Amino acid sequence: KQWYQRRVRAVKSVLKLDEGQGAAKPVIAQAFKVAKDCIKSDRWDTDGDNYVELREFRFLLLSLRQFMEYWEVFNRLDKDGDNRVGYDEFKKSRKKLEEWVGPIQDMEKEFMNMDKDGGGMIIFDEFCTWAIKKSLDLEMKEDS
């Protein structure tokens, strides 16, 4: 039990979860969701759904890395810093986007497909869904 509590404190410290999560909150939320969806908890109580268990931890770390990359790209698109990407921001970033995901034939159609809630803005969740489908890889493109 003490070993587990020390591990939880260490992870919280590294991720700075005790400091309100800050800008990384959407990244952590996405990674947590992926980690919890990978393996169903076998705990008898409902707390298993609220915490990452040891066997889910690897998925959390892998997901954090991937979603941090998506967050970096999302922030590059979000020129006005409102945590949403409008069509103008999206359109102006065409060249960079195509470097990361390949050719985009119709920017307006692509934007509409990403904007699942029809709000006229792309939020981080919607961007992640699109990035996964497009196999977005910032690291490979930036290194070359």
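1. The model is predicted. In it, Pro-26, Val-27 and Gln-30 of helix 2 are in contact with Phe-124, Asp-125 and Cys-128 of helix 7. By class, the residues of this contact comprise four nonpolar, one polar and one charged.

2. The geometry of that pair is as follows. Helix 2 (residues 25–38) packs against helix 7 (residues 124–133) at an angle of about 55°, and their axes lie 11 Å apart. The two helices are therefore oblique to each other. The crossing of helix 2 over helix 7 is right-handed.

3. Helix 2 also packs with helix 3 (residues 57–77), here at an angle of about 145° and with the axes 8 Å apart. This crossing, too, is right-handed. From helix 2 the contact draws on Pro-26, Val-27, Ile-28, Gln-30, Ala-31, Phe-32, Val-34, Ala-35 and Cys-38. Helix 3 contributes Phe-59, Leu-60, Ser-63, Leu-64, Phe-67, Met-68 and Trp-71. The residues of this contact divide into 14 nonpolar and two polar, with no charged residue.

4. Which residues of helix 7 are buried? They are Phe-124, Glu-126, Phe-127, Cys-128, Trp-130 and Ala-131. The partners against which these buried residues pack are helix 2, helix 3, helix 5 (94–101), helix 6 (107–114) and strand 2 (121–122).

5. Ser-135, which follows helix 7, has a positive phi, near 55°.

Definitions and conventions:
Residues are numbered from 1 along each chain as its sequence is written. This is a predicted model: local features need pLDDT of at least 70, side-chain atom pairs count only at pLDDT 80 or more; totals for chains, interfaces and linings use all residues. Side-chain values use heavy atoms; hydrogens and water are left out. Axes are lines fitted to C-alpha atoms, for helices over the stretch in contact, and angles run from 0 to 180 degrees between N-to-C directions. Helices (H or I, at least four residues) and strands (E, at least two) are DSSP runs, numbered from the N terminus. Angles under 35 degrees count as roughly parallel, over 145 as roughly antiparallel, 65 to 115 as roughly perpendicular and the rest as oblique. A crossing is left-handed if the near helix is turned anticlockwise from the far one by less than a right angle, and right-handed if clockwise. Contact means heavy atoms within 4.5 Å. Ala, Val, Leu, Ile, Met, Phe, Trp, Tyr, Cys and Pro count as nonpolar, Asp, Glu, Lys and Arg as charged, and the others, Gly among them, as polar. Buried means under 20% relative accessible area, exposed over 50%, partly exposed in between (1.4 Å probe, protein chains only).
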